Each structure stands twice: as structure tokens, then as C-alpha cells.
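Welcome! Here is a short briefing on one protein model, with a look at its rings, its charges and its pockets. Take a moment with the structure before you read on.

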Amino acid sequence: DILERWQHRLHYLLVDEYQDTNSSQYLLVRQLVGNRSGLTVVGDDDQSIYAWRGARPENLTKLKEDFPNLEVIKLEQNYRSSARILRAANTLIANNEHLFEKRLWSALGEGDPIRVVPCADDKEEAVMIAAEILHRKHTTRRARWGDFAVLYRGNHQSRVLEQALREQQIPYHLSGGT
């Protein structure tokens with residue numbers, strides 16, 4: 001009775017980051033949607049990073065079995081990155097086990113060359129980042145502090161980076177932190 005009530009209440013269901021669903025979530029979605037075709041999922045098998053908590057990117061391929069009328073639309077054009085960055089990304093993800101083949105591309109032009117700067121540890125990396133910001137600030141006309149951004153993957157990386165910026169008297173704003 002409860003399942004039937006929810007199936008009648010939900011006419012359309014959208015699930016984002018579907019590559020990170022686990023088996024229980026897959027079954028829940030399948031039961032909620034039932035025999036209707038009001039399902040949309042968004043996901044990328046190459047972006048699944050939660051296997052440690054049960055994510056199963058192969059849930060994307062199971063959709064075709066359970067929902068044969070579901071249409072796969074690949075969003076391969078990237079609107080943020082240059083062609084050079086996407087070629088590097090394509091080279092890296094070519095090593096993944098693919099559920100869906102894709103080729104990322106961009107209309108934004110070739111882009112700047114990629115530089116790989118090896119560092120011995122997180123402290124050396126932070127010092128190098130601060131030095132690079134100072135160099136670019138003083139060699140580029142009209143560069144403002146607000147023209148620079150440093151992105152990092154985890155909050156555990158912020159402390160050593162903040163310390164290096166303070167030591168070089170580089171003003172900064174930490175977004176999403178304390």
C-alpha cells in the first residue's frame with residue numbers, strides 16, 4: 001500500500017550523480033518508478049569516487065535492462081575547459097574500465113600549455129603556489145589579488161597553503177572554511 005501510494009505521488013524522478021548510488025538505492029529507485037517511464041538519471045561512470053561506501057557505477061548499465069525505453073544522452077562537450085585540458089583528461093580516463101565510451105571535447109580553443117610541477121611534499125607545494133602567485137602578480141600588468149584562485153581537493157590541504165600565503169603576505173579569502 002505504501003509503495004503504491006508513493007508510485008502515484010511521484011510522476012517523475014530525477015537522480016543526480018547516479019554513478020554513486022549503491023544497490024539499495026538502485027532498488028529503491030526501481031520500485032518508486034515502477035512501470036512508468038518518468039525516470040531521468042544523470043551520471044558519469046568515470047567520476048565514481050565512492051566505492052568505499054558501496055557506490056556501484058554499474059548501476060548505470062543496469063538501467064537499460066530495467067528501463068529498456070530509457071535513452072542515453074552523452075554530454076561530451078565541456079563548456080569550462082580548453083581542448084588541451086580535455087585531451088589530458090581523455091588520456092587519463094582511457095585507463096578506466098568504461099561502462100560508456102565517451103570523448104570529451106571543447107569549443108573554447110587550445111588553451112595554455114599544461115605544466116606539471118613535482119613537489120616533495122605538501123609544504124613544498126604550498127610554497128611553490130605562493131611563489132607562483134607573487135611572480136604572476138608582479139610580472140603581469142594590472143593583476144589584482146582577486147585575479148587568483150587556488151582550488152584544492154580536500155580541506156586537509158588548506159592549513160599548509162594558508163600558512164605559505166600568510167608568510168608571503170598574500171591576502172586571501174577562504175571560501176567554505178572557517
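A residue is called buried when its relative accessible area is under 20%. Keep that cut-off in mind for the rings below. Please also remember that this is a predicted model, and that the values here are computed from it.

**Aromatic rings**

- How many aromatic pairs does a search of the whole structure find? The search finds two.
- In one of them, the ring centres of Tyr18 and Tyr26 are 6.5 Å apart and the ring planes meet at 65 degrees, so this pair is edge-to-face. The reasoning rests on the angle, because planes over 60 degrees apart count as edge-to-face.
- Is Tyr18 buried or exposed? Tyr18 counts as buried, because its relative accessibility is 0%.

**Charges over rings**

- Arg53 lies over the face of Tyr50, and the distance to the ring centre is 4.1 Å.
- Lys137 has its charged end over the ring of Trp145, at 5.1 Å from the centre of that ring.

**The largest pocket**

- This pocket has a volume of about 1400 Å³.
- Its lining is made up of 44 residues. Those nearest the centre of the pocket are Val42, Gly43, Asp44, Ile73 and Leu75.
- Which elements give two or more residues to this lining? They are β2 (39–41), α3 (59–66) and α4 (83–93).
- The element that gives the most is α3, with five residues.
- Sorted by class, the lining of the largest pocket holds 18 nonpolar, twelve polar and 14 charged residues.

**The second largest pocket**

- Here the volume is about 1000 Å³.
- The lining of this pocket counts 24 residues, and Arg115, Glu132, Arg136, Ala149 and Leu151 lie nearest the centre.
- Two helices, α5 (122–139) and α6 (158–167), each supply at least two residues of the lining.
- Which element gives the most to the lining of the second largest pocket? That is α5, with eight residues.
- By class, 15 nonpolar, two polar and seven charged residues line the second largest pocket.

Notes
Residues are numbered from 1 along each chain as its sequence is written. This is a predicted model: local features need pLDDT of at least 70, side-chain atom pairs count only at pLDDT 80 or more; totals for chains, interfaces and linings use all residues. Side-chain values use heavy atoms; hydrogens and water are left out. Rings of Phe, Tyr and Trp (its six-membered ring) pair if their centres lie within 6.5 Å; planes under 30 degrees apart count as stacked, over 60 as edge-to-face and the rest as tilted. Buried means under 20% relative accessible area, exposed over 50%, partly exposed in between (1.4 Å probe, protein chains only). A charge sits over a ring if NZ of Lys or CZ of Arg is within 6 Å of the ring centre and within 35 degrees of the ring normal. On a 1 Å grid over the protein atoms alone, a cavity is a set of points where a 1.4 Å probe fits but cannot get out, and a pocket is an open set with protein on both sides within 12 Å along at least five of seven lines; lining residues have an atom within 4 Å of a point. Grid points are joined across faces, edges and corners, and a volume is the space filled by probe spheres set on the points. Helices (H or I, at least four residues) and strands (E, at least two) are DSSP runs, numbered from the N terminus. Ala, Val, Leu, Ile, Met, Phe, Trp, Tyr, Cys and Pro count as nonpolar, Asp, Glu, Lys and Arg as charged, and the others, Gly among them, as polar.
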